[in-house]
Amino acid sequence: MSTDTSRPPIDANAGFPEVSFGKSADGLMVALVGDTAFAMVPCRDLRYFLATGWRLRRPMEAWRRDDFYGNSGDIADEDAFRARIAEKAENQRELRGLGRQDVRSTANTPWGPSQGATIYAEGVVAHSTAGHGGFLLSGERNRKVHPLLRVRGGAYEEDADWAIVAFTFPHLFTSFERRCAERTIKDSYPDAWEAITGTVLEPGESRKKDERAFLEKHAADWIVVSAITSEHEKGFVECVATPGGRRGEGTEERRFLVPAGEYNIGRFGFVIDPERHRVYGGPSSFIGWQRRTSP
């Protein structure tokens, strides 16, 4: 194993997991945290993303890009990479002390038959299924969830509702997991967060709250709901837009042409500027519009 000694260890007293840094055979900045390998992989705009590998038995200097898979999020630079690795190490250390139990399970869940479960504590069990998963809480545990966040029946899916479980039982989760849970609740359940904590979320602190403000601001504007590179008007993106970005039967739709270099969907949608983006009634690159004659 090649260990980078140019900087001090992340936590010299931790003992577990061992953390090492180095360079791969193809020049990537890499790290090893226990059995998990990480690589800082370049992508567009001079940024990088964090890729993961598992139980790579060769020395670091023999690792290659093909040993890594997935995308664990963007990172800006080497300092950000090292900070993320420190976070991973902290998380593994805390996980070791929580004593979670992985067990075989054939329980029926709202997401399908369980293919395995992790017991966090009595009455707090996370299930994995073929397509999804989440936490099942016992009735006693579920009564401890704040009424504004409580899910009837105690089934908390893994995409966002898991954060409610972590928020309610923080001692069962690592510091990293608790930070992620707080972020998720602010993003997904801002009204409940504000009511429970008494803290008003400012712009930029909640995705759902920011989206709500965006849609209120542009309720009368044309917002793109579908876009495709035009095959008929070179250098343009053909856009289908509706008032306020609304969808559904009876919603008025119009087509516009937007210069390709200008089209950037942003966080919540691209807003048409009628002074600059002309209504388009020509041949369409959308299959569903090819026989229509109106814009």
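**Exercise 1.** In which helix is the place of Glu177? Is Glu177 buried or exposed?

*Solution.* Start with the model. It is predicted: local features need pLDDT of at least 70, side-chain atom pairs count only at pLDDT 80 or more, and totals for chains, interfaces and linings use all residues. Residues are numbered from 1 along each chain as its sequence is written, and side-chain values use heavy atoms, with hydrogens and water left out.

Step 1: locate the residue. Glu177 sits in helix 4, residues 175-188. Helices are DSSP runs of H or I with at least four residues, strands are E runs of at least two, and both are numbered from the N terminus.

Step 2: check its cover. Glu177 has a relative accessible area of 15%, so it is buried. Buried means under 20% relative accessible area, exposed over 50%, partly exposed in between (1.4 Å probe, protein chains only).

Step 3: list its partners. Leaving out residues up to four places away in sequence, Glu177 touches Asn91, Leu95, Arg100 and Trp162. Contact means heavy atoms within 4.5 Å.

**Exercise 2.** Find how many helices and strands the protein chain has, then judge its spread.

*Solution.* Step 1: count. The protein chain has 6 helices and 15 strands.

Step 1: compare. Its radius of gyration is 24 Å, well over the 19 Å from the globule rule for 295 residues, so the chain is more spread out than a compact globule. The radius is taken over C-alpha atoms; the rule is 2.2 Å times the number of residues to the power 0.38.

Step 2: The C-alpha atoms fill roughly 70 × 55 × 40 Å along the principal axes.
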